[in-house]
Amino acid sequence: MFYFGVDYYPEHWPEERWPEDARLMAEAGFNVVRLAEFAWSRMEPKQGQYDFDWLDRAIDILTSHDIRVVLGTPTASPPPWLMARHPDSFRVREDGQRVTFGNRREYCPNNLVYREYTHRIVTRMAEHYADHPAVIGWQIDNEFGDRCYCPVCARAFQDWLRRRYGSLDELNEKWGTIFWSHVYTDWDQIPLPLETGGSPNPGLALDFFRFSSDSYVAYQQMQVDILREKCPEHFVTHNFHGFHYEGLNYFDLARDLDFVAWDNYQRTGWLLQAQVDPSYAALAHDAMRGLKRQNFWVMEQQAGQGGWEMVSVAPRPGELRLWAYQAIAHGADAVLFFRWRTARFGTEQYWHGLLDHDGHAGRRYQEIKRMGAEIKTIGERLVGSSVKPSVAMILSYDSRFAFQIQANNPGFSYPNHFHQVYRALHRRHVLVDVVAPTADLSSYQLVVAPALHVLPDAVAGNLKRFVAAGGVLVVTPRSGVKDEANAVVNQRLPGLLAELCGVEVEEYDSLGADMYNEVEFTLPELASHSPVAAKVWCDVLQPHGTTAIARYTQDYYAGKPAITLNRFGQGQVVYVGTVGDARLYEALVGWLLNLAGVQEILAVPRGVEVTERWQGDRLLFVLNHAEREQEVTLDGRYVDLLDGSAVLEGRAAVAPRDVLILLDEENAND
Ligand code: GAL
């Protein structure tokens, strides 16, 4: 079944309203709701006194409309009685301050007392709902994150280091603690990288970020284990933050879940934009799909204006439906809107749901109700189909953490750099998998590894194998700079990639915000592109039997190579030595796709996005993000699934913010 639904907080509304809510949900075509994820104080109002009656009644009403239930474990927002009794459970921030009660995500994941309470509430819920016919699965906690710097974590970090390094000699050596006389003679001396300690040793800081990530993975695992034991028939997932969340290694967090779910907001009160760039959500979908290389759920899909203190721009007519279809186009197997009805109280009283504060079902509800009717007709075709990209981008959390510690240049951000390259691919309508550095790359023709800063041997080996077998690899600046302990390698850069790239970084320049160089293309295939700006970082390259395909035009390294192309085994490697703006990546991507033999799915005007899902049948998604009607030229005969069974070929119009879901007649089973 394709799941289509909403996040519902019945505990926020009088019980008399629940039947009306369920009726409206059913009319909107919803077949699933997520419940209870912040309801700890209702389920355990006093220590050891559990109350699930209200939740049972809410579920009964939903069940009478054939709506299934995903339960959230409530551990992201502990009740006041718990935290008042155990103030040590509060997280400590990087500045050394313990957080106080008033928000959520305020606990320390390593605190044993908090873990015991977690164990009890999750066990009670799991026992109560294990055999409930309406319950299909669980979401653990809510958007894990926020590093804790408390004394319990300090001790746990020291133990973690002991397991990782075995001996202090090894740790001192790897971190280079001889610098500033930091040589540790007892594990107890190893500090947390608190702000009060100043700019930390990069080795210590990277290990602490890894440890913090492992702490949440372990905390989640405790809940996974309970749920697997008590509820073997149910799925277990967690709602991730998407690509832009920086604090956790999401590949690790995803490992023991049945699938990844994530929360997709394109308009929020923190950024009031007239236009939304669809490549942000596209990247997030691809990154979330890449965590397990498997389809995913959107557990929270924007349902209205987002906002806490500020109120976002209202989603324009058509956007909510379009964004939900975009998720499906990128591999979502379920979409739930956040939230059902806009809360009248609490921090999120401006985070709008499908219904208004007063329960009115207006424009937003009607838009999604239309989609609900469509999903009823096409849902079964979507189930089991998947996205099959021939391009991959490598996401390295070690590198990402290392750049959080040392950005190298104030204008450099790993996620923004990653997104810039992704956006150029997205604009050419090729599908992209975002995968781990050690992923099997054999199914791809083109792999881009942006700023692979921390580079273990195994990853360098993986890239070499990919290229040797005929793949095209793209490497960008600051790759191969660090070993796993976050020390700079004792080699010419790009270190372990130097031979593969056929290049040496002779020297590098880190540019101020008001500085730029320029890159001019020398390769005939690229010569039609006028020179583009080089910003932030310039590697001055020394090719070794490699073709220079672009060179700098300014400053003391004018004429020196900026981008090179190397042949290695059956494949080729492009080293891009600078950070450009969109024009650099757009110029390169067109050429790279040719080089790698990757076809764009369909050539369409800007503002239109195209993806495909396969299951024998080929489904083509054409999403018009523009405010005006656009025309696309189809490459064959297609059945328009949203418009009954009209057959389209040649030119097809797509209304503003509308979508076509087309069944390819040549690749259809029936
Ligand atoms: C999500 C979170 C929800 C809600 C929403 C709006 O990140 O999971 O609980 O807070 O944002 O702020």
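Predicted model: local features only at pLDDT ≥ 70, side-chain atom pairs only at ≥ 80, totals over all residues.
Residues are numbered from 1 along each chain as its sequence is written, and side-chain values use heavy atoms, with hydrogens and water left out. Helices (H or I, at least four residues) and strands (E, at least two) are DSSP runs, numbered from the N terminus.

**Aromatic rings**

- There are 46 aromatic pairs in the structure. Rings of Phe, Tyr and Trp (its six-membered ring) pair if their centres lie within 6.5 Å; planes under 30 degrees apart count as stacked, over 60 as edge-to-face and the rest as tilted.
- Take phenylalanine 4 and phenylalanine 30: they make a tilted pair, with 5.4 Å centre to centre and 55° between the planes. Phenylalanine 4 sits in strand E1 (residues 3-7) and phenylalanine 30 in the loop between helix H1 (18-27) and strand E2 (32-35), so this pair ties together parts that are 26 residues apart in sequence.
- Phenylalanine 4 and phenylalanine 30 are both buried. Buried means under 20% relative accessible area, exposed means over 50%, and partly exposed is in between (1.4 Å probe, protein chains only).
- Tyrosine 414 and phenylalanine 418 are another tilted pair, at 6.0 Å centre to centre and 50° between the planes. These two are four residues apart in helix H14 (residues 414-427), so about one helical turn separates them.
- One aromatic cluster takes in a run of names, including Tyr149, Trp160, Phe209, Tyr250 and Phe401.

**Charges over rings**

- Arginine 400 lies over the face of phenylalanine 243, 4.7 Å from the ring centre. A charge sits over a ring if NZ of Lys or CZ of Arg is within 6 Å of the ring centre and within 35 degrees of the ring normal.
- Arginine 478 has its charged end over the ring of tyrosine 508, 4.7 Å from the centre.

**Helix H14**

- H14 is mostly covered, with eleven of its 14 residues buried. Among them are Pro415, His417, Val421 and Leu425.
- Tyrosine 414 counts as buried because its relative accessibility is 1%, and phenylalanine 418 does so at 0%.
- At 1.5 Å a residue, the 14 residues of H14 should span 20 Å, and the end C-alpha atoms are 20 Å apart, which agrees. The expected span is 1.5 Å times one less than the number of residues.
- At the start of H14, a side-chain oxygen of serine 413 comes within 3.0 Å of the backbone nitrogen of asparagine 416.
- After H14 comes histidine 429, with a positive phi near 60°.

- Strand E21 (residues 608-615) is mostly covered: six of its eight residues are buried.
- E21 and strand E22 (residues 617-624) run antiparallel and are joined by eight bridges. Two strands pair if DSSP finds at least two bridges between them.
- Valine 610 stands opposite valine 622 in E22.
- One residue lies between the strands of this hairpin, where glycine 616 takes a positive phi near 80°.

**Cysteines**

- The structure holds zero disulfides, a disulfide being a pair of cysteine sulfur atoms within 2.5 Å.
- Cysteine 148 is in no disulfide, and the nearest cysteine sulfur, from cysteine 150, is 3.6 Å away. Cysteine 148 is buried, at 3% relative accessible area.
- For cysteine 501, the closest cysteine sulfur is that of cysteine 538, 17 Å away and too far for a bond. Cysteine 501 is buried, with a relative accessible area of 1%.

Notes:
Polar contact = N/O pair within 3.5 Å; in protein donor to acceptor, adjacent residues only side chain to side chain.
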